[in-house]
Amino acid sequence: MGGGTAVEWLAPSSLEEALALRAERGGDTTVVAGGSFLAILMNQGFVAPTSLLSLGKVQELRGIDVVDGELRLGAMVSHRAVERDPVIRRDWPVLSRAFGLVASPRVRNQATVGGVLADADYASDPPAVLCAVNARAVLRSPRGVRQVAIDELILGFYETCIAEDELLTEVRVPAALGPAVYRKFRSRSSEDRPCVAVAAARSAGRLRVVVGACAEVPQHYPDVCAEGADGPIDDAVAREIGAVYAKRMAPLSDSRGSAEYRRRVVAVEVRRAVEMVGADGAGNGAGREGAGGEE
Amino acid sequence: MKLALELNGRPTELECEPDEMLLEVLRREGLGSVRATCGIGVCGACTVLVDGEPLSGCLTLAPKVEGREVTTVEGLAGADPVQRAFIEAHGFQCGWCTPGFVLTAKALLAENPQPSEAEIAEAFGGNLCRCGSYVKIVDAVRRAAGEPAGAR
Ligand SMILES: Cc1cc2nc3c(=O)[nH]c(=O)nc-3n(C[C@H](O)[C@H](O)[C@H](O)COP(=O)(O)OP(=O)(O)OC[C@H]3O[C@@H](n4cnc5c(N)ncnc54)[C@H](O)[C@@H]3O)c2cc1C
Ligand code: FES
Ligand code: FES
């Protein structure tokens with residue numbers, strides 16, 4: 001680092017300027033949001049960018065707004081801001097909870113909503129919960145704007161559908177109509193990334209259960225969740241959903257747990273998540289806060 | 001490139017490379033309290049306050065702090081109540097991790113003047129002490145919060 005030919009630092013102060021630079025340079029410049037993921041790769045010598053496009057001065061990307069009941073999070077909103085924002089805490093408590101369970105407060109000050117989705121690490125917390133609450137990512141370029149669901153955005157290990165001339169500018173989350181929980185099961189230390197992440201949400205007679213950190217991309221099986229329509233979900237159904245998730249999934253093995261270990265944890269954590277959102281029936285309660293899987 | 005910021009209360013202009021981390025730039029300025037240790041954001045020995053919030057010096061690209069307020073423990077000049085509490089409670093052994101803990105404690109107390117034990121533990125989630133002085137470190141925070149020693 002340092003030394004050699006000068007590296008370029010691009011720091012546009014408007015979104016329009018940022019989009020123009022991104023479109024012009026494409027893959028020749030590296031987007032910097034919080035920079036935490038990128039800095040690790042640089043410190044370890046995996047990448048040596050020759051041009052950096054920092055979004056830090058783009059104020060339009062820092063908004064936390066509610067429009068027609070829908071939450072709009074700018075790509076440069078930090079995890080810490082999602083954790084602490086009073087409106088999110090009140091109306092989307094599952095998001096405050098899940099973002100607040102990422103690493104340490106210092107990492108959360110740096111990590112951004114856009115950065116965590118764009119880096120598409122399989123062991124991140126936010127993708128599963130954002131998928132469960134049906135969030136969409138807004139992708140912009142001078143060509144236009146498109147909105148994609150989280151499972152359309154994340155294609156594989158560190159791979160997304162963001163084109164070389166696009167920026168992820170916003171995440172939109174529909175109004176929380178029912179209870180939602182996020183359970184983070186850690187196998188090593190309390191600041192670690194998840195070994196198994198389970199997010200469950202019930203809204204308008206529909207149950208969504210998404211498992212993160214176990215495969216290349218967040219896993220969810222709508223047909224299995226169909227049993228959790230309106231009304232309280234009894235414990236036998238919750239157990240059955242957990243068992244089917246565990247059976248159908250092909251978990252990966254890494255330093256946080258073997259595939260066989262993960263399969264067992266998935267059965268238990270999915271059951272618990274479904275019990276938590278299932279107890280009070282669908283549609284009432286403004287998104288109950290979930291325990292973090294501390295037990 | 002030139003980097004203009006407010007460093008420990010003084011408007012300062014530094015030289016940096018666009019791909020340099022803040023940690024290296026501050027150390028070159030003689031601010032040795034910012035310590036290169038894990039380089040992956042886990043240990044907290046490189047902690048600095050940027051606009052009052054803790055950030056990892058090892059993961060922060062230097063040009064990102066353009067125009068912002070950066071504080072290291074050198075800026076506290078030994079006169080800060082949190083620093084004094086660490087000395088009185090003996091919240092360290094070798095002292096390697098101490099600047100990071102002091103700055104993290106300052107940010108915690110600024111937001112939450114009477115933190116519970118759980119809140120202190122949560123705030124220090126990203127700070128490691130290889131000497132294992134955690135008990136005394138927590139005592140130091142309570143002392144800085146104005147609680148009598150051994151109150152809980
Ligand atoms: C010690 C440590 C512990 C961690 N623990 C956890 C954890 O427990 N759970 C968890 O979920 N995560 C964890 N993380 C990951 C952390 O949350 C990520 O590093 C962070 O989300 C990346 O965000 P960033 O804003 O810093 O991204 P950056 O590093 O700035 O960017 C990441 C990637 O996305 C691209 N990019 C960024 N923003 C955009 C955009 N708007 N449009 C297009 N491309 C973009 C960049 O070019 C880069 O390739 C941990 C990180 C550290 C350092
Ligand atoms: S050196 Fe930065 S967190 Fe360890
Ligand atoms: S006092 Fe030695 S590392 Fe903490």
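This is a predicted model: local features need pLDDT of at least 70, side-chain atom pairs count only at pLDDT 80 or more; totals for chains, interfaces and linings use all residues.
Local features were considered at pLDDT of at least 70 and side-chain atom pairs at pLDDT 80 or more, whereas totals for chains, interfaces and linings use all residues. Residues are numbered from 1 along each chain as its sequence is written, chains are lettered from A and ligands numbered from 1 in the order in which they are written, and side-chain values use heavy atoms, with hydrogens and water left out.

Chain A is divided into domain 1 (8-54), domain 2 (59-173) and domain 3 (180-284), the bounds being taken from an automatic or database domain assignment. The C-alpha centres of domain 2 and domain 3 of chain A are 21 Å apart, and their contact (heavy atoms within 4.5 Å) takes 22 residues from domain 2 of chain A and 25 residues from domain 3 of chain A. For chain B, the assignment gives domain 1 (2-75) and domain 2 (76-144). The centres of these two domains of chain B, taken over C-alpha atoms, are separated by 20 Å, and 18 residues of domain 1 of chain B are in contact with 14 residues of domain 2 of chain B.

Ligand 1 lies between chains A and B and is surrounded by 34 residues, of which V31(A), G35(A), S36(A), T112(A) and D125(A) are the closest; a residue is near a molecule or strand if one of its heavy atoms lies within 4 Å of it. Polar contacts are pairs of N or O atoms within 3.5 Å; within protein, one atom must be able to donate a hydrogen and the other to accept it, and residues adjacent in sequence count only if both atoms are side-chain atoms. A backbone N or O atom of V31(A) is placed 2.6 Å from an oxygen atom of ligand 1, a backbone N or O atom of L38(A) lies 3.0 Å from an oxygen atom of ligand 1, and a polar backbone atom of L168(A) is 2.8 Å from a nitrogen atom of the ligand. Taken alone, ligand 1 exposes 980 Å², of which the protein buries 92%; accessible areas come from the Shrake-Rupley method with a 1.4 Å probe, and for residues only the protein chains shown count as cover.

The shell around ligand 1 comprises 20 nonpolar, nine polar and five charged residues, where Ala, Val, Leu, Ile, Met, Phe, Trp, Tyr, Cys and Pro count as nonpolar, Asp, Glu, Lys and Arg as charged, and the others, Gly among them, as polar. In chain A, β2 (30-32), α2 (36-43), α7 (113-119) and β10 (167-173) each supply at least two residues of this shell, and α7(A) gives the most, with five residues. Helices (H or I, at least four residues) and strands (E, at least two) are DSSP runs, numbered from the N terminus.

S36(A) is placed in helix α2 of chain A and counts as buried at 18% relative accessibility, buried meaning under 20% relative accessible area, exposed over 50%, and partly exposed in between (1.4 Å probe, protein chains only). Residues up to four places away in sequence not being counted, S36(A) touches Q110(A), A111(A) and L59(B).

In chain B, D80(B) is found in the loop between β5 (69-71) and α2 (81-89) and is buried, at 10% relative accessibility. A polar side-chain atom of D80(B) lies 2.8 Å from the backbone nitrogen of V82(B). In helix α5 of chain B (residues 134-144), the buried residues are I137(B), V138(B), A140(B), V141(B) and R142(B), and their cover includes α2, α3 (98-111) and α4 (117-123) of chain B. Just after α5(B), G146(B) takes a positive phi of about 85 degrees.
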